[in-house]
Amino acid sequence: MYDVTTGKARPVEEEIITEENVYDRPDETIGFFPGQVLKDLYVAFALLVACIVLSYTIPAPLSDPANTASVDYVPRPEWFFFFYEQMLMFFPGYALISFGAVVVPGVFVVLLMIVPWLDRGPNHSPLKRPFAIVVGLLVTVTVVLNMLLAVSRIINFPGQ
Amino acid sequence: MGMIGRVRSQTADASKFVVDWMEHRTGIVTLTEHFLYEPVPKRGAWLYTLGSATLFLITLQFLTGILLLFYYVPSIEDAWNSVYYIQEEAYFGALIRGIHYWSANFLLAVIGLHMAQVFFSGGYKAPRELNWVVGVILLLLVIVLAFTGYLLRWDQDGFWASVVGMKIGSYTPFVGGATIHFLLGGDVVGPATLSRFFALHVWLLPAALAPFIGIHLYLLRRHGVFGSEFEYTERLAKLHENQRLEEYARYELDEGEEEYEDGENGYGDDYGDRGDYEDRRS
């Protein structure tokens, strides 16, 4: 509560709260407007500018018209499916594909949904929930690694 | 000068009238005030922009999606041509399609960051569990939207990626075959598939997405962002306590004067309705 670095003379318990300073504590709250709204607008504006610039520098792709007769075309999923596509490489053959393509992601989604009931402790701080954090980091690392693997595969074997 | 003063006061009166009129009929002023001036934690303000950025990008998706619909034709003969026309010929077509494409890409990335932020800060803990669940549902809807959008271009990439995706889906135990057959509208990706993906992408999924966004925001507003809510409720309570004491002291003073005046009437010792008065004032 009491932030030494902000130079507040008194800890929060002793501070006299008035209409003016009720949202003032730098370590506590700001009004949604304009404090938070401004920050949201900065980010939104940056994203919009990025989208506009990219629209002209790297136009949205459009390959040749679909040819249902071509048999040798190697489709690429979009980048956010890379890790999923890569994961399927670990489940080769018809015996395993159902397991790898559907059952494993399905279980993962269910686990993701029930995260709040798997980690019910009263602590919010990452330092006080080591198990949840380690699992979260492992999942993140797995997804990122799989994406990198997919990218390197695409670069190394463009035709496959 | 008198003129300016009159115009000023008339304008002030008119705007006051409009505001009062709207407030009386809709409550919009109180509502706006409530939404705008709600205190939020300062500490995570930049992190919380991830959620609003997600909302902003989805809004961009809706807007540019509507504009793309002005030209897009969902049939296998015309789909690719209409997309090509948008990209190469239509006024600002490349920009609108570019924003749709790039904001979709950013959307997936920002959602990932948003989820990671909520996960690592423990934002899903009681009483915010259901908002996490709604968030996961939103993630799944966005993924399906991204997948169905890919086919609509009807180019080689989108077409064959969808063929592969459908193939993978058909391996789902028990329900895979029937579900995929329904989505394809037959045995292979064809005209019916394009119609169905189009219906899903522009109608069903956005319609499903909107109410879940509403619930997500409602629950966010109800519980506030992660954890810090209790800090400011305590602080506000303390402020109100202070104001009450102050008012009480002032009243005490008024009462003293009145007491002196009323003394002759014999009301001096009657403090009975003080609480009542206090209530009516606040």
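Predicted model: local features only at pLDDT ≥ 70, side-chain atom pairs only at ≥ 80, totals over all residues.
Helix α1 (residues 32-57) of chain A packs against helix α3 (residues 45-69) of chain B at an angle of about 55°, and their axes are 8 Å apart; here axes are lines fitted to C-alpha atoms, for helices over the stretch in contact, and angles run from 0 to 180 degrees between N-to-C directions. Because of this angle, α1(A) is oblique to α3(B), given that angles under 35 degrees count as roughly parallel, over 145 as roughly antiparallel, 65 to 115 as roughly perpendicular and the rest as oblique. Residues are numbered from 1 along each chain as its sequence is written, and chains are lettered from A and ligands numbered from 1 in the order in which they are written.

On the side of α1(A), the residues A:G35, A:Q36, A:K39, A:D40, A:V43, A:A44 and A:L47 meet B:A45, B:W46, B:Y48, B:T49, B:S52, B:A53, B:F56 and B:L57 of α3(B), where two residues are in contact if their C-beta atoms, placed from the backbone, lie within 7 Å. By class, this contact of α1(A) with α3(B) has 9 nonpolar, 4 polar and 2 charged residues; Ala, Val, Leu, Ile, Met, Phe, Trp, Tyr, Cys and Pro count as nonpolar, Asp, Glu, Lys and Arg as charged, and the others, Gly among them, as polar.

The contact between the two chains takes 66 residues from chain B and 53 residues from chain A. On the side of chain B that touches chain A, the elements giving two or more residues are β1 (39-41), α3, α4, α5, α6, α7 and α10 (229-262) of chain B. Of these, α5(B) gives the most, with 13 residues, and the residues of this side of chain B divide into 43 nonpolar, 11 polar and 12 charged.

Chain B itself has 11 helices and 1 strand, which are DSSP runs numbered from the N terminus (helices H or I, at least four residues; strands E, at least two). Of its 282 residues, 29% count as buried, that is, with 20 or more other C-beta atoms within 10 Å of their own, whereas a residue with 12 or fewer is exposed and one in between is partly exposed, the C-beta atoms being placed from the backbone. The domain assignment, which is automatic or from a database, gives domain 1 (43-227) and domain 2 (228-263) of chain B, and the C-alpha centres of these two domains lie 53 Å apart.

Several backbone features were also found. The peptide bond from A:F33 to A:P34 is cis, with omega near 5°, and A:P34 is found in helix α1 of chain A. In chain B, the peptide bond from B:A126 to B:P127 is cis, with omega near 5°, and B:P127 is found in the loop between α5 (93-120) and α6 (129-152). B:F92, although not a glycine, has a positive phi of about 55°; B:F92 is placed in the loop between α4 (79-88) and α5 of chain B and is exposed, with 12 other C-beta atoms within 10 Å.
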